[in-house]
Amino acid sequence: MRTKIKDFGWFSILVLILIFLSFNQSFTATTFNKNDDYCMSCHRFSFIKTLPSGEKISVKINPKEIKNSVHGKFKCITCHSDFLRGKHPSYKFRSKKEYMIKMSKIVCQRCHTDKSLRKNPVHYNLSKTAPCIKCHGYHNVKPIKVARGGSENQYCLLCHSRPLTKKMENGEILSVQVKENVLMNSVHKKLKCIDCHKEFSKGKHPFRSFKSIKEYRAQANNICKQCHTKEMQQFEKSIHAQALAKGKNAPDCLKCHGYHNVVKISNNKQLQFNLCVNCHKKEAQAFEESIHYKALSENKSNSPTCSSCHKAHDVLSTNIANINKSCIKCHKGIKEAHNKWLYNPPFTLKSFVDVHFKGASCSACHVNGKKAIFLTLMNRATNKPLTLEEVSKLLKINPEKIKEKIDLNKDNKIEEKELWQFLSLLKSQVEINLKGRLDIINANDAHRIVSKKDAIKDCTVCHNPQAKFVGKFEINKEGAKPEKINMERKVVNSIYAVPNIRDFYVLGLTKITILDIIFALAALGGLAFAFGHLGLRIITTPIRRKRRGGY
Amino acid sequence: MKKVYLHPLPVRIWHWVNAISFIILILTGLQIRLVDKMHWISFETAVKIHSYLGFVLLINYFIWFIYYFGTLKFFKIYVPPIWRPIEFIKRALRQVRYYAYGIMVGDENPHHPTPENKFNPLQQVAYLMIMIVCIPLQLITGLVLWDPVKFKTLGSLLGGLQIVSFIHTALWVFYAFFIFVHIYLSTLGHTPLAHIIAMITGYEEEHEEH
């Protein structure tokens, strides 16, 4: 009986041990050892840690992930060495990013030291640009091995297909993620990554540092330049490039063509228009009122879009570029069409149309906007506009003070006397001339081109001393829109206009007024001579009669 | 009275075409300039007439040029005897004295026109300047203003369009004065219409005053 009782006791202990073991095995993976069991007793649950940044991190561990990872045989404390049964330090990370960076350093780099990473320079450099976790994951650490013979692109995309970011020196964050599907839909789909990013390869990944995204993008333009030399040369002349160089927010290659989703902007005119509209909303609104936009919206094959006039890469401001040339580019038979009614008899010379094209912008007649006589300051020697910067150097005054130097009474309008005084001052330094043209006051109105039937055909709209034009004095600026100052219109009617505005002559409009007065005096003088002499002859008739003995 | 054949047919044709063209050109010029104040004819019509007559004047000038240079009469009639300057100046002063004083008191005109010596010294200087300087300059500047692109080089040589326009207009001012004086002086024959009739028939009555 005692033996039975003793046997039952041992059996009971065995059962209890088995129950305990089975209980334990029910919540741990079969392969986990006792230390890990301890950790997993809590980390099997969906614990969420909320960071001060508001981001949430799950600290739940999936044992299967660890089992399938390269660290499958590691214990928890192999990596998290600062944790023990009786020790559970609390980390205070402000953000998920800080968590990734610090954990990569504390955990991964304890084994994967800089020394070991340097064996592969690419890997070492990458480790300085992104935390280990970003590429290798958390507990599901996978080896990133590129199959021998795999393409360069695949190699690059192993990392860059992930949401990698790069931090600029000024704190700006740039995504360096490249989505393969985006790349494959671009015009560069047949190119290798290293065709553009030449300094990178399977064995080379230089660590680069940029002050800002702007600086990074400036260098990105150089990548495009490697192949698109002609386009870049054109772009470098553009007002966009000049504005960029001055640190202004202006478009570069990437702004219009995108990063890796590079598309060729050529066929869809509406898309081209939309591209410019992103920045030029005011101009787009004006354009939408034009006959040009009507053609564009009707999908007419010969309809114009922004680049039709402003060009695609060498975009220039309207006063530098000869916009009339842009019109003629599409309206090829325009000279002949104008020549049907615009000629000076007895011959119908096309050059007479050129006279008008040279002196007035197309929009002066084809837009219902307010018009002005523009006088642009020119260097006579070079026959190029004299810029504000050049004037500033010549007169040794700040560019911002030049307006005050012209408009002496500061009434925001250049009077005749003020203009000639200023020109006289400049003439002591350089040979100058004023180039005239008739144009609309608001350059944006040029987008509102009206249909042919609504264009001005009445000559006296311009060829009239009382024509409704205001005066504008214009000094060009390097890489920017010109400085336009209000000017008394009658300067073109002054005798001083003859030596100063040598080649701008609009019949009626620019007539020298004093000659009308002299004409009247000359005619009256001729009549006075005739009647005066006749009068004297009448008075002296008795003398002649007496001499002839005719009394 | 003895009649002298003073004005050959080509000269008479040239003169009257010139006279009519000049008057109309002066008036259309006035209409073009004062389009805001005068409404005789439309601006477009004024420009058309002015342009057509400009070419008429150009062709007419060549008629004069070919006739006077072809017959070499230009040198006898228009060129003052600069090789006898003192005598010429004395004659000119006598002519001035005549118009200013002699004509009033019934003096004889010191100049007696002949086919070889048609103009008195004052006429000679005035017509030489008009025919060799003023009209060619008026025609050249007119051509430049007629089509500044076609005649760009000519315009540049003259110093630019504004200067060209200034010369053209200044000459227009001069002609406005000249035309009245010329018409008045043409009435100073032995009858008010004597010189005018001579320019129609070609015959001038001798001993009559200009």
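## Basis

This is a predicted model, in which local features need pLDDT of at least 70, side-chain atom pairs count only at pLDDT 80 or more, and totals for chains, interfaces and linings use all residues. Residues are numbered from 1 along each chain as its sequence is written, while chains are lettered from A and ligands numbered from 1 in the order in which they are written.

## Domains of chain A

Chain A is assigned domain 1 (146-264), domain 2 (350-511) and domain 3 (514-548). The bounds come from an automatic or database domain assignment. The centres of domain 1 and domain 2 of chain A, taken over C-alpha atoms, lie 44 Å apart.

Helix H28 (residues 513-539) of chain A meets helix H7 (residues 161-185) of chain B: their axes come within 8 Å and cross at roughly 10°. H28(A) is therefore roughly parallel to H7(B) (angles under 35 degrees count as such). Helices here are DSSP runs of H or I with at least four residues; strands are runs of E with at least two.

Contacts from H28(A) include Leu515(A), Phe519(A) and His533(A); those from H7(B) include Trp172(B), Phe177(B) and Tyr184(B). Contact means C-beta atoms, placed from the backbone, within 7 Å. By class, this contact has 19 nonpolar, four polar and no charged residues.

Arg380(A) sits in the loop between strand E5 (371-379) and strand E6 (384-385) of chain A. Arg380(A) counts as partly exposed because it has 13 C-beta neighbours inside 10 Å (buried needs 20 or more, exposed 12 or fewer).

Arg380(A) and Ile432(A) are 52 residues apart along the chain, yet their C-alpha atoms are separated by 4.8 Å.

Definitions and conventions. Axes are lines fitted to C-alpha atoms, for helices over the stretch in contact, and angles run from 0 to 180 degrees between N-to-C directions. Angles under 35 degrees count as roughly parallel, over 145 as roughly antiparallel, 65 to 115 as roughly perpendicular and the rest as oblique. Two residues are in contact if their C-beta atoms, placed from the backbone, lie within 7 Å. Ala, Val, Leu, Ile, Met, Phe, Trp, Tyr, Cys and Pro count as nonpolar, Asp, Glu, Lys and Arg as charged, and the others, Gly among them, as polar.
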